[in-house]
Structure formats: C-alpha cells, structure tokens
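Me: I'd like to learn how to read a model like this one, feature by feature. Let's start on the inside.

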Amino acid sequence: MKIIKRILCIISLFAAAAIFAGAKKPSQLTVVSYNIRLGEANDGTNSWKYRYPMSAMMIEDQDPDIFGLQEAYIYQKQYLEEYTKGYKSIGVGREDGKREGEIMAIFYKTKRIGLLKWGTFWLSETPEKPSMGWDAACMRTATWALMKDKKSGKKFYYVNTHLDHMGRKAQENGLGLIVERIAEMNSEGYPMVLTGDFNVEPDDPVLDGLKEKMQGARETAVNTDKSATFNGWGKSFLTIDHIFYSGFSSCPVFEVINKPYGGRAYISDHFPVKAVLVF
C-alpha cells in the first residue's frame with residue numbers, strides 16, 4: 001500500500017507540474033510615449049540633423065509593442081518607419097489633416113498588434129476639421145486607434161496626444177474632450193491607453209477629470225520612477241509626459257528612459273517614458 005501511495009503521489013506531482021507549465025502567462029503590453037522634438041526647431045547641435053539616429057537606437061533598445069510619438073514632422077515619422085524594424089504607424093499632420101505640421105503618430109509592432117480602425121480629432125470647438133481651440137497657441141490633435149493584441153486576442157484602444165503649452169482653457173477643455181471621446185468610442189469597455197505630452201505636472205488640477213476615468217502609470221506601477229521627463233537639453237526639468245490606462249489588471253513597471261544613446265545624454269528635449277501593462 002505504501003508503494004502504491006508513493007506512486008500516486010508522484011503521479012499527482014507530475015500532473016500538477018504539467019498543469020502549471022501549460023498555464024498561460026498573462027499577456028503584457030510594453031508602451032512608450034516619446035516627444036521627439038520637432039525637426040524644424042533650430043536647436044544648434046541638438047537639432048534633428050545631428051541627433052536623428054539616436055531616436056531609432058532608443059526604440060530598437062526599448063523594443064515597445066506600441067508607442068505614441070509627439071511633435072513629429074512627416075520626415076521624422078518616415079525615418080522611424082524605415083529604421084525601426086517591424087513597425088507601422090498612423091497619424092496625420094495637424095495643419096491640414098494630411099502631411100503638414102506636427103503629427104501625433106502611433107507606431108505599433110505588426111507581428112504583435114493588429115490595427116482595426118483609427119482616426120484623428122482636433123482639440124477645439126470643431127474637432128472634426130483642422131482648427132485651433134479656445135486660448136491655444138497652436139493646433140492640437142489626438143490620434144486614436146482600436147487595436148488587437150495578437151498574443152491574447154484581446155482588443156484595446158490607444159490614444160496619443162499633445163496638450164497646448166500656453167492656453168489654460170485649451171489644456172482643460174482639450175483633455176476634457178479626450179475624456180469625453182474615450183467614453184463615447186469605448187462603449188464595449190475595452191482596455192484603454194492614453195499617452196502624451198500634457199504640458200502639466202502630475203498634481204495639476206487639469207488632470208482631475210482624467211484621473212476619475214483612468215490610472216496614471218507613474219502613480220500605480222509596482223516599480224515606478226519619479227524622475228522628470230522634460231529636460232530642456234539639460235537646462236530645465238519638469239514632469240509633463242504621461243501614460244494613463246484603464247481596463248488592465250496591473251502595471252508592473254513605469255520608467256523614465258534617461259539613458260544616453262549614441263554618446264548623447266539627450267536624444268530629445270524630453271525623455272521617453274515607458275510602462276508595462278498586463279491584460
């Protein structure tokens with residue numbers, strides 16, 4: 001009887017091990033938000049023509065599944081499409097809804113993520129056409145996409161934006177419009193990611209309405225990073241780049257990517273930020 005019990009015990013242990021080994025790990029999504037600094041800016045030795053390879057180096061190194069790009073002109077977007085492996089992108093120029101002006105681009109790894117539908121709206125009183133809203137200094141847009149994670153089969157929304165740097169009403173109303181649109185588009189309750197340069201610090205009241213609907217990765221990550229995100233080429237340090245999410249089970253990691261690439265301490269006047277989200 002003792003031998004039989006031992007055999008049964010061994011069989012049970014092997015069966016448990018097989019079940020454990022066969023259990024699927026939760027699917028994770030690695031997200032990056034990156035203000036690339038507009039290529040038209042005259043930044044001396046920090047101008048785009050001197051630093052462009054480092055942005056591709058950063059993406060290749062960090063290997064995000066999906067990332068939001070702010071301030072990109074069409075040639076900056078095309079450069080990353082050409083020199084980062086396996087990504088496609090969406091987004092339109094804010095000046096004409098086509099190619100002119102800064103693009104709030106979304107890049108996604110095609111082997112991992114499928115694009116179902118997407119669009120752009122302007123942060124203004126007339127969001128369906130190129131326009132400047134409220135007291136804004138510039139036209140501002142948000143690009144959205146409904147995606148499918150090929151690994152888990154789950155759908156999720158991704159929104160990328162850049163709030164105005166001057167107009168307080170434009171910041172408040174622009175983000176309010178995004179929150180409203182998110183609620184409208186996501187009636188199914190899919191997981192949602194919002195990335196961007198919001199031009200406000202984490203404790204700014206502009207974010208209060210958003211915080212009622214979504215969680216900040218910086219505040220909720222198990223392993224987080226309190227570093228500043230705007231570096232001003234080493235002259236100014238502010239925390240204005242954000243990743244928010246809803247519908248994910250957890251956020252294990254939030255990180256400010258402030259390591260050098262290609263010997264440059266600053267690949268942009270903003271550090272990219274990264275979050276890992278679990279479905």
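Me: How many nonpolar, polar and charged residues are in the lining of the largest cavity?

Reply: Terms first. On a 1 Å grid over the protein atoms alone, a cavity is a set of points where a 1.4 Å probe fits but cannot get out, and lining residues have an atom within 4 Å of a point. Ala, Val, Leu, Ile, Met, Phe, Trp, Tyr, Cys and Pro count as nonpolar, Asp, Glu, Lys and Arg as charged, and the others, Gly among them, as polar. Here the lining splits into six nonpolar, two polar and four charged residues. Keep in mind that this is a predicted model: local features need pLDDT of at least 70, side-chain atom pairs count only at pLDDT 80 or more, and totals for chains, interfaces and linings use all residues. Residues are numbered from 1 along each chain as its sequence is written, and side-chain values use heavy atoms, with hydrogens and water left out.

Me: What volume does the largest cavity have, and which element gives the most to its lining?

Reply: For a volume, grid points are joined across faces, edges and corners, and you take the space filled by probe spheres set on the points. That gives about 60 Å³ for the largest cavity. For elements, helices (H or I, at least four residues) and strands (E, at least two) are DSSP runs, numbered from the N terminus. Strand 10 gives the most, with four residues; helix 6 (217-220) also supplies at least two. Look for Asp241, His242, Ile243 and Phe244 among the lining residues, along with Arg218 and Glu219.

Me: How many cavities of 30 Å³ or more are there?

Reply: Two. The second largest cavity holds about 40 Å³ of space, and its lining has five nonpolar, no polar and two charged residues.

Me: How is a pocket told apart from a cavity, and which residues lie nearest the centre of the largest pocket?

Reply: A pocket is an open set of points, with protein on both sides within 12 Å along at least five of seven lines. The largest pocket has about 200 Å³ of space. Of its 16 lining residues, Glu71, His162, His165, Asp197 and Asn199 lie nearest the centre. By class, the lining divides into five nonpolar, four polar and seven charged residues.

Me: On to the sheet. In what order do the six strands of the open sheet run?

Reply: Strands of a sheet pair through backbone hydrogen bonds, either parallel or antiparallel. To call a pair, DSSP must find at least two bridges between the strands. In this open sheet the order is 5-6-7-8-10-9, with mixed pairing. Strand 5 (113-122) and strand 9 (215-216) are at the edges with a single partner strand each, so one side of each has no neighbour in the sheet.

Me: Which strands pair in the antiparallel sense with strand 6?

Reply: Strand 5 does, over nine bridges, and so does strand 7 (residues 155-162), over seven bridges.

Me: Is strand 6 mostly covered or mostly uncovered?

Reply: Buried means under 20% relative accessible area, exposed over 50%, and partly exposed in between (1.4 Å probe, protein chains only). Strand 6 (residues 141-149) is mostly covered, with eight of its nine residues buried. Across the protein, 56% of the 279 residues are buried.

Me: Which residues of helix 3 are buried, and what covers them?

Reply: An α-helix has 3.6 residues a turn, so residues three or four places apart point the same way. In helix 3 (residues 74-83), the buried ones are Ile74, Gln76, Lys77, Tyr79 and Leu80. Their cover includes helix 2 (48-62), strand 2 (66-72), strand 3 (87-90) and strand 4 (103-109).

Me: Where does Asp63 lie, and what does it touch?

Reply: Asp63 is in the loop between helix 2 and strand 2. A contact means heavy atoms within 4.5 Å. Leaving aside residues up to four places away in sequence, Asp63 touches Tyr87 and Lys109. Asp63 is partly exposed, with a relative accessible area of 42%.
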